[in-house]
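Open the structure in your viewer and keep the selection tool at hand. Each stop below says what to select and what is there.

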Amino acid sequence: MINWILLYLVIGMWLAFIAILFVVYRWIKAAYLKRVNATTYDSSSDRPAPKTIQMLYLLVFILCFIFVIKADIGPIWARIIVAPPLAALVKIRKKPERDIFIILLIFTLWLGSLFTYVLIGVPPKSPELQIGNTVITAGHTSYQEIEDSGLILEYVENPYFNGVKEEKFYDIYTISNHKIMRIVFVAKNGEMTNKSPVKEIYIDKDHFKNIKDENLVMKFDEMNLLESVSQKWLDSLSNRGASILSANPTADSKVDEYGLSYNGKPNTGFWSHQNVNIQTDENGNIEILTIIALFS
């Protein structure tokens, strides 16, 4: 569940920052008008700011750029943080009041973004599962999107008889009537709509065989699922953002089981996460793939 205290704290923080910026803007505008009225001022005579101010803007831009790369935040936050110092570098003029406000604006956006990142994190990477021309992302792809891809969905009664009403099970078939996976959708109050997202994807040995028989491409996070699992294969997933939680043999010593997680940090309930379980045979070929989206 969402941590509402953190959410209200973040909203309150940004409202406070906006209020401070508004007050400072009014004060700076008054100071600017006072200076213009006190001296003969020709706006067309503005010249580039002194080198020290330009170097300061350049330093702020570099720091913001480094922060965006290191924090691995999304494109929207990246633009919000990097755009002000970049615009200042391009359009800087010898107007001390505006220079002060731009620097304060940059600092406020940077500080607010940093606090937001620390409190609620950013959405974790949501790797895609590709089978043929169909792309499915647990926690995001809806029933309608899968149906529009050309796959056939067939409702299945809850095979676990656990009384969970928040789950609806469907077997997925190709046009050639080959079953290639089982998908669980989120059902609120026992009901689901065309917009209900995928909660779980389950692909077993028989599904893999059908996928191979149809010569379909099968990838997860750009990694080929039809090749054997190796340490290099796991390292590639790790480099793409997966946390390898476990890599241990099962009770059957000929079978290996791997646990992967795509989690945001910290896990505060604001974003959906993905856990992945992979079981392989003695040759390292994947026999069972389970992808689960966690919404809290």
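Select Leu-289 and show its surroundings. Leaving out neighbours within four places in sequence, Leu-289 is in contact with Leu-129, Ile-201, Tyr-202, Ile-203, Phe-208, Met-218, Leu-225, Val-276, Asn-277 and Ile-278; contact means heavy atoms within 4.5 Å. The model is predicted, so local features need pLDDT of at least 70 and side-chain atom pairs count only at pLDDT 80 or more, while totals for chains, interfaces and linings use all residues. Residues are numbered from 1 along each chain as its sequence is written, and side-chain values use heavy atoms, with hydrogens and water left out.

Together with Leu-289, they have the most contacts inside the largest nonpolar core, which has 39 residues. A nonpolar core is a set of buried Ala, Val, Leu, Ile, Met, Phe, Trp, Tyr and Cys residues joined through side-chain atoms within 4.5 Å. Buried means under 20% relative accessible area, exposed over 50%, and partly exposed in between (1.4 Å probe, protein chains only). A second, separate core of 11 residues includes Tyr-57, Val-60, Phe-61 and Cys-64.

Now select helix H7, residues 231–239. Helices (H or I, at least four residues) and strands (E, at least two) are DSSP runs, numbered from the N terminus. Which residues of H7 are buried? They are Trp-233, Leu-234 and Leu-237. Seen down the axis of H7, the buried residues fall within an arc of 95°, so they line one face of the helix; the arc is that of the directions from the helix axis to the C-beta atoms. An α-helix has 3.6 residues a turn, so residues three or four places apart point the same way. On the other side of H7, Gln-231, Lys-232 and Asn-239 are exposed. After H7 comes Gly-241, with a positive phi near 120°.

Move to the loop between strand E7 (218–220) and strand E8 (223–224), and select Asp-221. Most residues other than glycine have a negative phi. Asp-221 is not a glycine, yet its phi is positive, about 55°. Glu-222, in the loop between E7 and E8, also has a positive phi, about 70°. Is each of these two residues buried or exposed? Asp-221 is buried, with a relative accessible area of 5%, whereas Glu-222 is exposed, at 52%.

Finally, zoom out to the whole protein. Its secondary structure comes to seven helices and 12 strands. Of its 296 residues, 40% count as buried.
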